[in-house]
Amino acid sequence: MIYKRSSALFKEAQKYIPGGVNSPVRAFNAVGGEPIYVKEAKGAYLYDEDGNKLIDYIASWGPMILGHAYQPVVDAVIEKTKKGTSYGIPTEIETQIAKLAVEMVPGIDKIRFVNSGTEACMSAVRLARGFTGKDKIIKFAGCYHGHSDSFLIQAGSGAVTFGAPNSPGVTKGTAKDTLLANYNDLAGVKKLIEANQGEIACIIIEPVPGNMGCIIPKEGFLEGLRELCHQHSILLIFDEVMTGFRLAKGGVQELLDVQADIVTFGKVVGGGLPVGAFAAREEIMNHLAPEGPVYQAGTLSGNPLAMAAGLAMLQSLNENNEVFKSLADKTKYLHEGIAKVLTAHEIPHSINRLGSMVSVHFNEDPVVDFDSAAKANNETFKKYFHGMLKRGVYLPPSAFESYFLNDALSYADLDFTIQALNDLAPELKN
Ligand code: PMP
């Protein structure tokens with residue numbers, strides 16, 4: 001494949017945009033090399049500036065669950081655009097999408113729309129603090145909740161009590177209120193709660209993480225968190241930015257039957273436009289301004305184009321009972337195909353999958369948390385990523401990301417992908 005024009009565009013971008021990109025992973029910093037520049041996308045395919053066609057497994061990092069340029073979303077946005085792009089005054093469509101989301105997701109009465117997953121998680125934590133009157137939060141190593149200061153805290157060794165910031169610009173004062181736990185380690189969470197009795201406002205978690213690759217919750221882990229939160233008057237926040245409206249209509253809460261107190265959304269809920277949302281039962285949501293004292297606002301929140309795209313997307317998912325099963329079936333097929341090839345070529349691997357999320361770690365041992373994910377062989381991953389790209393398959397350019405399948409993918413696309421890996425596999429051994 002030729003990447004001449006992409007390469008030139010990247011060089012030009014680096015002159016004016018830090019690192020040439022508006023979000024770091026896009027620069028291929030985890031895999032080396034230079035990013036491709038997309039010209040357009042349709043269905044399951046990306047078309048780059050050099051005329052290459054690629055099968056897309058990131059779906060804009062999740063939102064394009066029904067494929068690119070999905071007609072009902074495109075039509076809804078075009079129609080709305082003709083009527084003006086933003087008013088900063090209430091519109092009926094905000095209530096329509098809120099009502100539908102409340103119907104689709106278990107246990108929520110009200111929802112507030114924002115512009116990104118980051119904003120949703122940041123606001124959910126402020127709401128939890130305002131509601132409980134407590135300051136500290138627990139998050140899990142390897143879980144990503146956007147780039148708000150209190151989430152940019154890295155794991156130290158197992159028993160860290162106070163987090164250390166992992167980005168300059170996050171103050172020690174902020175970091176000390178974020179406590180770290182390990183995913184799938186309920187006993188560790190219990191210890192943290194006991195050491196900080198009466199101080200913890202909320203536990204925020206990706207119930208099925210996608211930001212250290214895909215990780216599956218061990219049986220009883222999420223239920224155990226639910227129980228601990230009840231016992232200690234801590235609010236449980238499920239960050240369903242990736243999983244919401246993807247793993248099931250009602251996200252992980254529905255799929256695994258565990259109820260959170262606050263849920264955050266992004267990605268699919270905006271149909272590819274910049275949307276996030278957070279939701280909870282009435283008692284909690286009524287603490288938000290203007291009804292309550294916890295402040296949160298946005299000039300473009302509830303933007304008509306974004307709401308039109310989101311509503312068209314949620315309506316399509318709500319009306320199509322088969323879509324989540326169809327996605328899960330395709331993902332299983334891909335998983336089994338990849339596993340078969342890697343096993344045949346004796347390449348150590350560990351694959352996690354749930355619904356339409358899947359990831360491959362080049363690691364013999366099961367990957368159950370951040371530490372085990374970090375042990376995977378990143379050199380093999382780099383060869384895998386670039387080898388697949390060369391063969392026309394666009395995977396997430398980092399081992400610490402889940403694949404997101406879209407329903408426009410055909411079984412022929414999946415076979416093509418598995419065949420590409422079969423061709424590449426001998427190169428992955430050395
Ligand atoms: N939470 C999760 C689970 C995410 O995966 C992401 C983004 N990948 C975010 C929050 C932040 O969302 P955004 O990038 O829209 O700010």
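Here are some notes on the domains, helix packing, ligand shell and backbone of this predicted model.

1. Ground rules. Since the model is predicted, local features need pLDDT of at least 70 and side-chain atom pairs count only at pLDDT 80 or more, while totals for chains, interfaces and linings use all residues. Residue numbers start from 1 along each chain as its sequence is written.

2. Domains. The chain splits into domain 1 (4–69 + 322–428) and domain 2 (71–319), with bounds from an automatic or database domain assignment. Their C-alpha centres are 25 Å apart. Across the boundary, 28 residues of domain 1 are in contact with 29 residues of domain 2 (contact: C-beta atoms, placed from the backbone, within 7 Å). On the domain 1 side, the elements giving two or more residues are helix 11, strand 13 (350–354), strand 14 (357–361) and helix 12 (370–374). Strand 14 gives the most, four residues. Helices here are DSSP runs of H or I with at least four residues, and strands are runs of E with at least two, numbered from the N terminus. By class, this side of domain 1 has 17 nonpolar, eight polar and three charged residues (Ala, Val, Leu, Ile, Met, Phe, Trp, Tyr, Cys and Pro are nonpolar; Asp, Glu, Lys and Arg charged; the others, Gly among them, polar).

3. Helix 11 on helix 14. The axes of helix 11 (residues 323–344) and helix 14 (residues 411–428) come within 9 Å and cross at roughly 15°, so helix 11 is roughly parallel to helix 14. Axes are lines fitted to C-alpha atoms, for helices over the stretch in contact, with angles from 0 to 180 degrees between N-to-C directions. Under 35 degrees counts as roughly parallel, over 145 as roughly antiparallel, 65 to 115 as roughly perpendicular, and the rest as oblique. Residues meeting here include Tyr333 and Leu334 of helix 11 and Leu414 and Ile418 of helix 14. The contact has 10 nonpolar, three polar and one charged residues.

4. Two partners for helix 10. Helix 2 packs on helix 10 at about 150°, axes 8 Å apart; the two are therefore roughly antiparallel. Their crossing is right-handed. Val73, Ala76 and Val77 of helix 2 are among the contact residues, as are Leu305, Ala308 and Ala312 of helix 10. Helix 3 (residues 92–104) packs on helix 10 at about 35°, with the axes 9 Å apart, and passes helix 10 in a left-handed crossing.

5. Ligand shell. Of 16 residues around the ligand, Ser116, Gly117, Thr118, Gly146 and Val241 come nearest (near means a C-beta atom, placed from the backbone, within 6 Å). Helix 4 (residues 117–132) supplies the largest share, three residues. The shell comprises five nonpolar, nine polar and two charged residues.

6. Most residues other than glycine have a negative phi, and most peptide bonds are trans. The Ala289 to Pro290 bond is cis, with omega near 10°; Pro290 sits in the loop between helix 9 (282–285) and helix 10 (304–319). Ala59 has a positive phi of about 50° and is found in the loop between strand 3 (53–56) and helix 2 (71–81).

Methods:
Contact = placed C-beta atoms within 7 Å. Left-handed = near helix turned anticlockwise from the far one by under 90°.
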